[in-house]
Amino acid sequence: MARALRRRASSLHGLFVLAAAGACVAVCVLVAGPAFALPSARQPSLRGGTDFSGAASVRTSGLVGAGARPSSAVPASAAEGADARATDAISLGLAAAGATAAMQLATTVRRAATDKAANKDEESSLEKVRVPMYILLWYILNIGYNIYNKKSLIAYPFPWACALWQMAFGWLIFVPLWLLKVRKVPSLTMAQAIKISPSALGHLATHVGAVIAFFSGAVSFGHIVKASEPVVSSLLNFLFMGEVLKWQVYASLLPIIGGVGLASASEMSFNWLSFGAAMGSNVGSAARAVYSKKVMGSGDIGKNMDSANVYAVLTIMATFMLIPLAFAVEGPSAMLKGFNVAYAKGGTTFLMSMLYSGFFFYMYNEVAFLALSKLDPVSHAVSNTMKRVVIIITSVFVFHTAVTPLGVAGSSIAILGTLLYSLAKNKFK
């Protein structure tokens, strides 16, 4: 009885925190309107970039394209600075609410897994409220990451450095949780660390490829190309796992291929770097999934290695792998010089964009685990598809991306194809 009462109090506390997060979102909409995500009408257009004419030599590699275009915007006025600070304050409030709710949700899920004596009817009713909130937070944090990642890349055109910063930011979240014993500390042997290192490499490729794609092209186009990941996944599963799916599943890949091809052909800002980097991200993500299924599925990967800790360990390993690569491609001195130029131009606004991009990157992945682990395969497929739709529409709206009717048609076909693939794979197992 006492255990059931503690569970009830914990669940109600979790719902209170989630309600606070929802209230924060409502306040953002009512007070600031679109200012949460959109640049002010008085602020410089995001289609421009930071003027690096005084630091042209900082670009030491052609692996990331020609860099941002010079901005023609005039210096910001005091009013613009105040407007930007207000927007950042609202964004920080939303981020804090999202973090608090996500951590409370993580604690609730862990307690739910260990307490078998809870009332099933109560659990069912609470689950109906929790799952939509998981999905809502997942969407909000993912949108926040895509917006602030692009803002950071516009101000600071060093995608390898940005990817490294975002990857390393996760340490500021999971290390304190381990030190405060909120989350159990994972323990691995050297052999176990070597065993999961290929997954860390796939994690690295997934993130770096996406950042370079969003840097060199439109965010919406990058997500359209990333919608073709099921095609890559099916190929790798056949090559390395010998998995042969029913013809209906393979048929569902045709609209994905056709839609991405149509969207690419009609994309006004198409470039091969963005397309190639997004496809590289798909390969990394699919390879990580295939390897995890084939090798890591044995369960012998260390102590306290639940899904959250597996992601944290992969983040640590990927960070160490990324440091020499980022330094080799862009150079530490060039990164520092570019950062100084960006800070001189953007000041606190630039620093906040970098901070938000790192925070949102790790948190949306944490919450994605919580959301997807509570969904059945069909709901998972629908939620994942709608997430991509929301991000594409939001990025087009925020960054004023020019689109064509054929581009819209191709995007719609490709995204619908990903949904059909997920549903067909679940049905024809």
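Predicted model: local features only at pLDDT ≥ 70, side-chain atom pairs only at ≥ 80, totals over all residues.
Is Ser 411 buried or exposed?

In it, Ser 411 counts as buried, because its relative accessibility is 12% and the cut-off for buried is under 20%. The residue belongs to helix H16, which covers residues 405–427.

Which residues does Ser 411 touch, leaving aside those up to four places away in sequence? They are Ile 224, Gly 259 and Ala 263.

## Trp 272 in helix H11

Trp 272 lies in helix H11, and H11 spans residues 272–294. Trp 272 counts as exposed, because its relative accessibility is 63% and the cut-off for exposed is over 50%.

Ser 216 is 56 residues from Trp 272 along the chain.

## Helices H12 and H13

Helix H12 runs over residues 307–330, and helix H13 over residues 332–346. Their axes come within 7 Å and cross at roughly 75 degrees. H12 is therefore roughly perpendicular to H13, since that class takes angles of 65 to 115 degrees.

Which residues make the contact? From H12 come Ala 326, Phe 327 and Glu 330. H13 supplies Pro 332, Ala 334 and Met 335. Five residues of this contact are nonpolar, one is charged and none is polar.

Methods. Residues numbered from 1 in each chain as written. Heavy atoms only, no water. Helix = DSSP H or I, 4+ residues; strand = E, 2+ residues; numbered from the N terminus. Buried < 20%, exposed > 50% of the residue type's maximum accessible area, 1.4 Å probe, protein only. Axes fitted to C-alpha atoms, helices over the stretch in contact; angles between N-to-C directions. Parallel < 35°, antiparallel > 145°, perpendicular 65-115°, else oblique. Contact = heavy atoms within 4.5 Å. Nonpolar A, V, L, I, M, F, W, Y, C, P; charged D, E, K, R; others polar.
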